[in-house]
Amino acid sequence: MTAAVSQHDPKASAATADSREQDNAAPLMEIRNLYKRFSLSGDFLEQLKFKGGKLVREQEHVHAINGIDIDIRRGEALCVVGESGCGKSTVARTVMGLLSPSKGEIHYDGQRIDHLSAKELLPFRRRMQMIFQNPYASLNPRMTIQQTLEEPIRLHHPDWSKERVRDQVRDVMDSVGIDPDWGSRFGHEFSGGQRQRIAIARALAVDPEFIVADEPISALDVSIQAQVLNLMMEAQQQRNLTYLFITHDLAVVEHFGTRVAVMYLGMVCEIAPTGTLFAKPRHPYTQALLSAIPRLEDDRPQHIRLQGEVPTPVNLPPGCVFHGRCPHANERCRQEVPALIDVEGGARVACHGVEEGRL
Amino acid sequence: MALLEVNNLDVRFALRGGDVRALRDVCFSLDRGERLGIVGESGAGKSVAAFSLLNLIAKPGYIAGGSITFDGEELSGMKDRGLRRIRGNRISMIFQDPMMTLNPVLSIGEQMVECLKAHRRISTREARAISLHKLNQVQIPSPETRLDQYPHELSGGMRQRVIIAIALLLDPDIIVADEPTTALDVTIQAEIMDLLLELCEKHNVGLVLITHDLGVVSQVTQRMLVMYAGRVIEQGPTREIINDPQHPYTQGLINALPQMATPGSRLNQIPGSMPSLSNLPSGCAFHPRCGFVNDANGEPRKACLDKVPGFVDSGNCRVACHMVAELVNQQQRDSREEIL
């Protein structure tokens, strides 16, 4: 226990801050072989079933994340894309410690954080913040904006004076384009775009270095989406932030992301620098996903039609999770789970076809 | 004469604080087999416009004025009995959320047969045969088994296919689709839109497509309307509006799309947000957010602040904007002088 505490004393983290400057290439966040399952079977008694005259215990799980490895580098915006149910939000929540992983490790700035208690996690929580999808649900309706923004500062800086907290709130409201005089208003008095600005202000209030944004603009209108994206990009430049950006909107990814991880059924099928991914998608699923974006251009592009639908994550298919819908699947794809391999352009792809040079 | 003509449609919601005008002076028309997109942000009135076509506006909303003429018949003010002949039969609707649209306690087959029998005097056996044929058309695998399944047994994409099959059941003249793919994933959205487009073209069915997605409108429709704060502000051929938008709001909307900017650069945002319908700014409702509100002298145009702009013809498009009107007048004057 003492060892764990000393690991997080301020001097130690100051030391890591020094080493950070020396070694900029070390990833800020490392996700190692992460698994997350959710039980569908209820508690122990509900799992007991009679089968052939015997009492057996049966458990069913949703396999939300099935062994992913992702590094998030300092200062980048890593976008995770995929369709609903692919586990991208679960990744965001697990990384933030809102869910505990079933297996695997999460390292933040060189330290393992997935097994820490809430108290031990507190210093990390100041450095990593989250922005949620729905600004109508993520602001407490009974708190004024001032209270909402003061709360995280007081939690993480209990020694700060009232004036200092108030100044910090004013600064952060200013920086997201919300008039600091509106502090006494409640969340419902603001429009969706303004609420999302306040949610961003709340994340920025404690000067974090890493922000996880789970679909932060999908609840907003087009003209407001641009405002919020601009705000997030400005904040990134000014504060040297690192983003983990979860979205299903590929046009946003192309604009915003440094690198992109494409997820399918709880696995990463391709991870690549944004330019490479959009110029030359390698995984058949990425290709289908990109061809499905409705573009403004005149020519009606041929969509790559996938057969069938995403299988249920309760009973995962054997082999490559995508084989049932993949036009290029062969016997090996049906049997063997593909691993991520390096291809040109800094991309990594999990596909037997790419590995064998068929695709 | 067009198949569907909407003129000066005025829809209001009677609220405690007085009437809120959800639609004002909305005019559009649809020819047989034509595909029209209605675009706008939430609160612009696009869904109200679609619902009012079949008088599906729930109280306290009501149609306060204007006319909706379908195939020579006036629909606004028509009694429910008369509307029932048209609803689902000659004009059918596809709603946004495929999870909510189907009745969870009836099998797919029952819902389809019910719809057919409401409009035609046919036997259940015949109705099932037609249903099966339509399910085949929307490319549902093993349609015979699907007929006896319940909505919860189908995925979102499959449900939306069933809904399209129901919309096509009575070979309608027009399908009104309100954000039909918003609740679906991109790959499924692409499949559903392809399917809808293919079927509309094949059967010469008109489509009114309501969406906030300019990409979808651009790929599916021939003409489009852009709505803002309850009014149509620009309408014309889809390609021309997408390639060369005239109204400052349409320009802003298109330029705000991430695909219009170089990756990593600042997006062109429209400042502010859409005003609430109960508290509209004077004059042009867009003027507080408009970058072109000032005239050549750098002064705000008086007309923009005081007067609601009427439509001017600019090429094949019609635009409600004082700035565009000035430009068009200028051009006309110039060309007149050239001729003289």
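Over residues 50-290 of chain A, the chain is 39% helix and 24% strand, and the end C-alpha atoms lie 48 Å apart. The model is predicted: local features need pLDDT of at least 70, side-chain atom pairs count only at pLDDT 80 or more, and totals for chains, interfaces and linings use all residues. Residues are numbered from 1 along each chain as its sequence is written, while chains are lettered from A and ligands numbered from 1 in the order in which they are written. The UniProt annotation "domain: ABC transporter", from an unreviewed entry, covers residues 50-290 of chain A; such annotations may be inferred rather than shown by experiment.

Chain A contains 14 helices and 14 strands, which are DSSP runs (helices H or I, at least four residues; strands E, at least two) numbered from the N terminus. The average pLDDT of chain A, the predictor's confidence in each residue from 0 to 100, is 88, and 92% of the residues score at least 70. Over residues 1-23 of chain A, the pLDDT is below 50.

Of the 359 residues of chain A, 41% count as buried, that is, with 20 or more other C-beta atoms within 10 Å of their own, C-beta atoms being placed from the backbone. The C-alpha atoms of chain A fill a box of roughly 65 × 65 × 45 Å along the principal axes.

Between the chains, 34 residues of chain B are in contact with 32 residues of chain A, contact requiring C-beta atoms, placed from the backbone, within 7 Å. The largest share of the side of chain B that touches chain A, six residues, comes from α8(B).

Methods:
Contact = placed C-beta atoms within 7 Å. Buried ≥ 20, exposed ≤ 12 C-beta atoms within 10 Å, placed from the backbone.
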